[in-house]
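Welcome! Please take a moment to look over the sequence and the structure below, and then we can walk through them together.

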Amino acid sequence: MSAATFRSRMHAQATRLSALADTASLRQRLHLRFVRWALRVRAPEPAPIILGQRRVYTVPTRGGFAYATAMLVILLGAMNYNLNLGYALVFLLAGMGVATILHTFRNLVQLSLRPGRAEPVFVGEIAHFEVVIGNERNELRPNLRMWLFGSDDSDAVEIDAPPGASATAGLLMPTTQRGWLRLPPVTIETTWPLGLVRAWSYAAPDICCLVYPAPAEHAPPLPYGGETAQGATRDGSGRDDFSGLRDHQLADPPRHVAWKAVARQDDGPLLTKLFTGASAQRIWLDWDSLPMGIDTEQCLSILARWMLNAEAAGLSWGVRLPSFRLDPDMGKAQLAAGLRALALFGNSDEMNSNGTR
Amino acid sequence: MARDKRPVSQRQTWWLLAAALSAFLPLASLLSPWLAVSATAVMLLRGWMTWRQWRLPPKFILVLLTIAATAGVVVEYRTMFGRLPGVALLSAFLALKLLELRGARDAMAVVLLCYFLVLTQFMFTQSIATALMACATVLITTATLAAAADDRPAPAFLLRRAGVLLVQGLPFMLLLFVLFPRVQGPLWGLPQDRTSAVSGLSDNMSPGSIAQLSQSDTIAFRVQFEGKPPPQHTLYWRGPVMPSFDGRSWRVTRFSAVRTVPPFKVSGAKQDYEVTLEPLGKSWVFALDFPDKLPPESAYSEDLQLLSRQPIRARMRYSMSAFPETSVGAGDTPSLIAEALELPRGGNPRTREVAAKWREKYGDNTEAIVAEAENFFLRQLLSYTLNPPLLSEDVIDGFLFDTKRGFCEHFASAFAFALRAAGVPTRIVAGYQGGEINPVDGLLVVRQYDAHAWTEVWLKGRGWVRFDPTAISAPQRIADNFAATAPENDSLPFLARADMAWLRDIRNQMEAATNVWNQWVLGYTPQRQREFLQGLGFKTPDWQEMTAALAALCGLVLLLLTGWILYSRKKLDPAIRQWHKFTARLAKRGVQWHTWEDPLVFAERAASALPAHAENIRGIAHDYANLRYAAPPKNSTADTPLTKLRARIAAFRP
């Protein structure tokens with residue numbers, strides 16, 4: 001990605017964080033400052049993110065403090081009654097407490113985080129970010145918990161990193177806006193093995209999820225009319241020239257299966273109908289053909305709905321936006337390209353970048 | 001789910017129940033039966049509820065139960081404070097807390113209660129067995145803590161994890177145990193129920209009171225002699241001195257320790273020894289005759305009883321020297337002498353008659369009278385037995401003339417009575433005689449069944465001289481030890497019997513271990529700590545120095561542990577390691593291998609770059625590829641290809 005792109009993303013990130021800071025309480029603000037300081041590197045970080053020992057923090061949990069208090073009480077009891085075995089007990093438990101700090105720390109340190117996939121979603125759906133947690137050590141690292149900054153730890157994802165392998169954590173985030181949605185910094189923590197100590201670290205893996213505009217619920221019907229003017233051919237709907245049958249192949253569209261032929265024979269193979277000529281109908285989804293008086297976002301929603309409907313109807317469709325043109329075609333790739341154009345509409349900077357790498 | 005609000009799973013409940021039971025059961029026998037039974041019942045009920053997955057009782061029922069349990073404890077023990085009521089309350093709370101497992105916090109509370117109950121066990125006993133039991137409890141409780149954090153692993157796995165953690169805590173435990181500045185408790189007042197009745201010598205002696213002790217093989221004290229232990233028959237461990245006789249019982253009359261310096265001059269040979277006295281709950285400090293210096297916190301009474309200032313409630317160690325040839329009491333006050341002559345008005349006419357004859361015959365020659373008395377005892381053919389017949393009136397006459405069977409208190413009592421009747425000042429001394437060397441650690445072990453009574457006779461110019469009338473009739477009792485000489489058919493403590501040789505061996509081993517335990521684990525007092533640290537080279541082991549040393553050493557251990565924990569070696573396949581060696585050598589010659597590159601393709605590339613070694617390079621790559629990717633050979637020479645590869649790469653010098 002270009003330096004300009006990176007800068008603009010950083011800017012977006014900063015605005016998001018500062019927006020958070022504006023509305024947050026003092027405690028959250030302090031926490032935010034700490035996270036910024038603790039992250040040290042500038043978010044987002046290049047992959048792989050190694051959780052080195054300088055960025056893993058360790059503090060007793062509430063249970064750990066209770067444990068320490070209990071140790072103190074036992075020590076006083078041992079002193080008062082001159083119980084040497086009492087001393088031994090409390091020293092053993094204290095020693096174990098110290099050992100557990102190291103174990104907890106070790107459970108987190110030297111983990112590597114890599115950005116995983118984030119499938120595009122429509123606004124209003126839940127974005128699903130995958131972070132790949134790599135464990136190079138030949139030991140299981142159990143009870144890792146991960147959550148997004150800004151949510152609290154009750155939304156945490158729990159995972160174990162298997163020995164010498166990696167595990168994938170799926171982080172969920174609601175979407176409210178079309179465009180690129182960047183994964184906010186994440187907290188990753190563990191209290192293994194005894195829950196007395198909490199080790200945690202912050203990381204900002206570089207994952208973006210493309211958010212398409214939400215398809216409009218009440219959209220005008222598909223614009224079948226204007227396309228001939230653009231010189232596209234149209235053979236009339238439903239008048240495909242049937243030219244024969246051949247064995248069905250997996251890639252054939254299901255609607256071309258000769259169901260009647262299949263029904264006639266008991267146990268025969270699926271057959272696919274073959275057509276001659278440009279059989280599929282082609283339409284143009286044109287920005288200019290949208291009704292007047294609605295704002296850009298609504299336009300994009302209607303276009304998204306049209307794309308979905310056209311795809312579902314098996315049409316070959318193309319899109320014309322003020323600064324973008326997609327030639328008619330059909331299929332998943334076509335749909336993805338179209339929706340992506342809608343998602344990034346008006347954001348020329350990001351229009352060209354490919355988002356997640 | 002947030003960490004603290006997680007509900008307690010069924011598995012975790014089982015763990016918590018196991019921990020609670022392991023912490024509670026060792027204490028159950030101490031509690032009053034109804035408390036023990038109801039606490040166990042609640043735990044079993046909880047187990048049933050878990051099994052059937054019942055809902056937990058509502059809060060108000062728990063509150064009612066808690067109030068009821070507290071009231072029950074108060075009614076039972078009349079107080080809420082003290083050891084037993086405390087344990088009872090904690091056990092009740094533990095059982096009830098199991099009915100209130102709603103979240104991680106409750107689980108934590110149960111675990112901490114269990115740890116605390118382990119401590120309360122130690123208030124009652126700190127034996128090796130208790131320690132082992134406590135280890136098991138701590139292990140289970142720690143595994144429960146691990147299960148509360150993550151309940152998925154199998155129980156054996158969790159126990160092992162807990163074990164590993166505890167073992168890693170051990171170095172810290174040792175350091176802290178040795179170096180943590182000890183404070184002599186109590187920090188605040190101990191509740192009154194700390195004492196418990198211990199059998200042992202008391203301040204009076206009536207027929208049968210020492211014979212009763214002969215049934216007990218409880219250890220009274222252990223002695224470590226400097227050099228060779230002196231012969232058995234010289235080992236008289238002096239305890240209570242009883243000058244007053246009422247016709248049946250002898251009594252101690254002087255309880256106040258008045259002399260912190262021995263009121264006599266020692267002479268003759270010296271024997272050094274160190275005694276570890278068990279807490280018998282009495283004040284007598286047992287010692288051989290006669291010491292030149294008294295142990296700290298103790299003093300002599302007027303009649304030379306060595307008394308500790310406080311009743312001895314904790315194991316006590318003291319070093320002493322004995323000078324057996326010392327003579328004492330030649331210049332005693334007339335009141336002491338007079339007391340040693342008092343007799344009840346009537347009773348025992350036959351003995352009095354015999355004694356009067358001695359007096360008539362020898363007049364003031366007390367030594368001759370004593371010799372005559374010894375002769376008389378010999379002629380009477382008295383026999384030594386653990387089960388003497390019961391005597392009612394005139395016990396001395398009955399023993400000397402009728403039954404003629406008695407235990408040491410009969411002998412001593414009769415001898416003293418007879419001499420007093422003949423006008424010779426005499427008193428009874430009780431204590432222990434002999435003991436048994438444990439061959440394992442060479443310590444002399446003195447048990448309750450070594451309790452003994454003898455007499456001291458005041459001879460003009462010589463002072464108090466020990467005479468042991470038991471030795472007249474049963475010389476082996478004194479020459480050997482009690483266990484070896486007790487009559488066959490008498491009832492003896494099971495383990496004192498000579499024919500149980502193998503059992504005695506086991507016992508010796510166990511007692512030697514117990515002694516080490518007592519000395520170094522239980523006996524590691526502030527004083528012992530100071531001595532030990534001085535021995536290690538600390539000049540003035542005060543708390544600052546100890547803390548500094550502690551901090552330094554703990555830091556060191558922490559560092560070592562951290563290093564061990566953070567050091568993670570990557571385990572490479574040996575073939576890959578060889579391959580890396582090979583590619584490193586080629587890299588020096590400018591042929592770089594890329595991790596994504598097929599070994600055979602790389603070999604071709606390297607071969608064309610270094611045609612001189614082409615054959616070798618191809619061969620090695622081929623071997624390596626076979627080793628890594630081909631199916632292993634059927635015959636069992638599995639590691640020969642690897643050895644071959646290793647040799648080939650070692651010899652490869654591009």
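Predicted model: local features only at pLDDT ≥ 70, side-chain atom pairs only at ≥ 80, totals over all residues.

Of the 357 residues in chain A, 36% are buried. Chain A has eight helices and 17 strands. Among its contacts with a separation of 6 or more, 70% are between residues 24 or more positions apart.

Now let us see how the two chains meet. On the side of chain B, 49 residues are in contact with 46 residues of chain A. Which elements of chain B give two or more residues to this side? They are H5, helix H6 (128-149), helix H7 (155-179), helix H17 (501-522) and helix H19 (543-566). H7(B) gives the most, with 11 residues. Sorted by class, the side of chain B that touches chain A has 36 nonpolar, seven polar and six charged residues.

Next, stay with chain B and look at how some of its helices pack. Two packed helices are described by the angle between their axes and the distance between the axes. Start with helix H1 (residues 10-28) and helix H2 (residues 33-52) of chain B, which pack at an angle of about 165°, with their axes 10 Å apart. H1(B) and H2(B) are therefore roughly antiparallel to each other, since angles over 145 degrees count that way. Their crossing is left-handed. On the H1(B) side, the contact is made by Gln10(B), Thr13(B), Trp14(B), Leu17(B), Ala20(B), Leu21(B), Phe24(B) and Ala28(B). H2(B) brings Ala36(B), Ala39(B), Thr40(B), Met43(B), Arg46(B), Gly47(B) and Thr50(B) to the contact. Together, the residues of this contact of H1(B) with H2(B) divide into nine nonpolar, five polar and one charged.

A second pair in chain B is helix H4 (residues 83-97) with helix H5 (residues 104-124), packed at an angle of about 155° with axes 10 Å apart. That angle makes H4(B) roughly antiparallel to H5(B). The crossing of H4(B) and H5(B) is left-handed. From H4(B), the residues that take part include Val87(B), Leu90(B), Phe93(B) and Leu94(B). Among those they meet in H5(B) are Val110(B), Leu113(B), Phe116(B) and Leu117(B). By class, the contact of H4(B) with H5(B) has 10 nonpolar, two polar and three charged residues.

Finally, let us visit some details of the backbone. Most residues other than glycine have a negative phi, and most peptide bonds are trans. In chain A, look at the loop between strand E10 (186-190) and strand E11 (197-203), where Pro193(A) lies. A cis peptide bond joins Trp192(A) to Pro193(A), with omega about 5°. Chain B has a cis peptide bond between Asp289(B) and Phe290(B), with omega about -15°. Phe290(B) is in the loop between strand E6 (271-277) and strand E7 (298-300) of chain B.

Two residues of chain B have a positive phi. For Arg78(B), which is not a glycine, phi is near 65°. Arg78(B) sits in the loop between helix H3 (59-77) and H4 of chain B. Is Arg78(B) buried or exposed? Arg78(B) counts as exposed because it has 9 C-beta neighbours inside 10 Å, and the limit for exposed is 12 or fewer. Asn348(B), also not a glycine, has a positive phi of about 50°. Asn348(B) belongs to the loop between helix H9 (334-339) and helix H10 (349-362) of chain B. With 24 other C-beta atoms within 10 Å, Asn348(B) is buried.

Terms used: Residues numbered from 1 in each chain as written. Chains lettered and ligands numbered in written order. Axes fitted to C-alpha atoms, helices over the stretch in contact; angles between N-to-C directions. Helix = DSSP H or I, 4+ residues; strand = E, 2+ residues; numbered from the N terminus. Parallel < 35°, antiparallel > 145°, perpendicular 65-115°, else oblique. Left-handed = near helix turned anticlockwise from the far one by under 90°. Contact = placed C-beta atoms within 7 Å. Nonpolar A, V, L, I, M, F, W, Y, C, P; charged D, E, K, R; others polar. Buried ≥ 20, exposed ≤ 12 C-beta atoms within 10 Å, placed from the backbone.
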